[in-house]
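Trainee: I'd like to learn how to read helix packing. Could you walk me through it?

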Amino acid sequence: MPAKHDINKVGVESSDFPILCETCLGPNPYVRMSKQEFGNECKICNRPFTVFRWNPGAGARFKKTEICNTCAKIKGVCQTCLLDLEYGLPVQVRDAALGRKSQAPSSDINKQYYIQNLEAQMADSPDGSSTLDAEVANRAGREMLKGIARSDPYYKRNRPHICSFFVKGECKRGGECPFRHEIPKEGELSKQNIVDRYYGKNDPVAKKILREQAETKGMKAPEDKTVTTLLFLGLPQTTESEVRASLVGACPFVKPIDIRSITIVEASHCAFINFKQRQLAERAAEALSAQGGIEVGGKKAKVVWGRSRPQKGKAAASSGEASGSASGTVTVTGGSN
Ligand SMILES: [Zn+2]
Ligand SMILES: [Zn+2]
Ligand SMILES: [Zn+2]
């Protein structure tokens, strides 16, 4: 890949205005921006890009674009905060709710191919219509995203950063200090990585949102970490391979090899999906709950957690009522292992 070629590509994208969300832009749409061509390397594709800087409003810190125009377009995110432009949510939340694939290339070489492939795809269908059809079908996911999206811009996010000297008890600037004098909240949310956020993986903010979403829908993961089984309830006549295909389609992060077993109980119209790893079962539960269930054979089935201790006798799931009740009322029996 000759560097020249890359620079030309960037030249094409050297736009007059960056792709920004309302929050990052700030309340004044006529805000003045400084523009520096090839001012920095894009944090995703590592190509030089046009960096914009601006002050989004009184009491805010200066903001700048962190990733290039092309990378932002590919994912439909803001060039500064990398949140989805439509919903203001992390890519990982959006992708989970829409069952969207999020492959993250590992090496720099792969990254270059990845970006260039997507660029070519975008050139072929500028409106992205190819992916759109599948997602329109996912109405439940869209509704969920709309439900948790912020309706107003969240300007608090533009506040100055926390003063690192203050945190150490060493700031001598007092009221003159341009940074925030606050003790940062420790915890998983403080550990964010821009590349992970972009590709929609290991994003702690997204994890928190998805977990909370799942819990409000009665899909709280069982305390017992040995539980790795999900139940699909209200299935039409189906086969193991159809269930597997539906699951992998709705949760692209699940590979067929991650599924230990799928047991269909035809009489109860349900299936037991046993995952090899608890973590994956959790992710699948969160994604499927965001999508409002799982579509198998053209029918939306309900998803609930299984339980650890198999009980004797017929599963509670054999009752049609079980599908209408909250998770936890269904007992896993009939698993093949
Ligand atoms: Zn880029
Ligand atoms: Zn933004
Ligand atoms: Zn300070």
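This is a predicted model: local features need pLDDT of at least 70, side-chain atom pairs count only at pLDDT 80 or more; totals for chains, interfaces and linings use all residues.

Trainee: What describes two packed helices?

Mentor: The angle between their axes and the distance between the axes. Take helix 4 (residues 91-98) and helix 7 (residues 139-148): their axes come within 8 Å and cross at roughly 150°. That makes helix 4 roughly antiparallel to helix 7 (angles over 145 degrees count as such).

Trainee: Which residues of helix 4 and helix 7 make the contact?

Mentor: Contact means heavy atoms within 4.5 Å. Helix 4 brings Val93, Arg94, Ala97 and Leu98, while helix 7 brings Gly141, Arg142, Met144, Leu145 and Ile148.

Trainee: And at what angle do helix 10 and helix 12 pack?

Mentor: Helix 10 (residues 204-216) and helix 12 (residues 278-290) pack at about 65°, with axes 9 Å apart. So helix 10 is roughly perpendicular to helix 12 (65 to 115 degrees). Here Leu210, Arg211, Gln213 and Ala214 in helix 10 meet Glu286, Ser289 and Ala290 in helix 12.

Trainee: How many disulfides does a search of the whole structure find?

Mentor: A disulfide is a pair of cysteine sulfur atoms within 2.5 Å, and the search finds 0.

Trainee: Is Cys71 buried or exposed?

Mentor: Buried means under 20% relative accessible area, exposed over 50%, partly exposed in between (1.4 Å probe, protein chains only). Cys71 has 0%, so Cys71 is buried; Cys270, at 1%, is buried too.

Methods: Residues are numbered from 1 along each chain as its sequence is written. Chains are lettered from A and ligands numbered from 1 in the order in which they are written. Side-chain values use heavy atoms; hydrogens and water are left out. Axes are lines fitted to C-alpha atoms, for helices over the stretch in contact, and angles run from 0 to 180 degrees between N-to-C directions. Helices (H or I, at least four residues) and strands (E, at least two) are DSSP runs, numbered from the N terminus. Angles under 35 degrees count as roughly parallel, over 145 as roughly antiparallel, 65 to 115 as roughly perpendicular and the rest as oblique.
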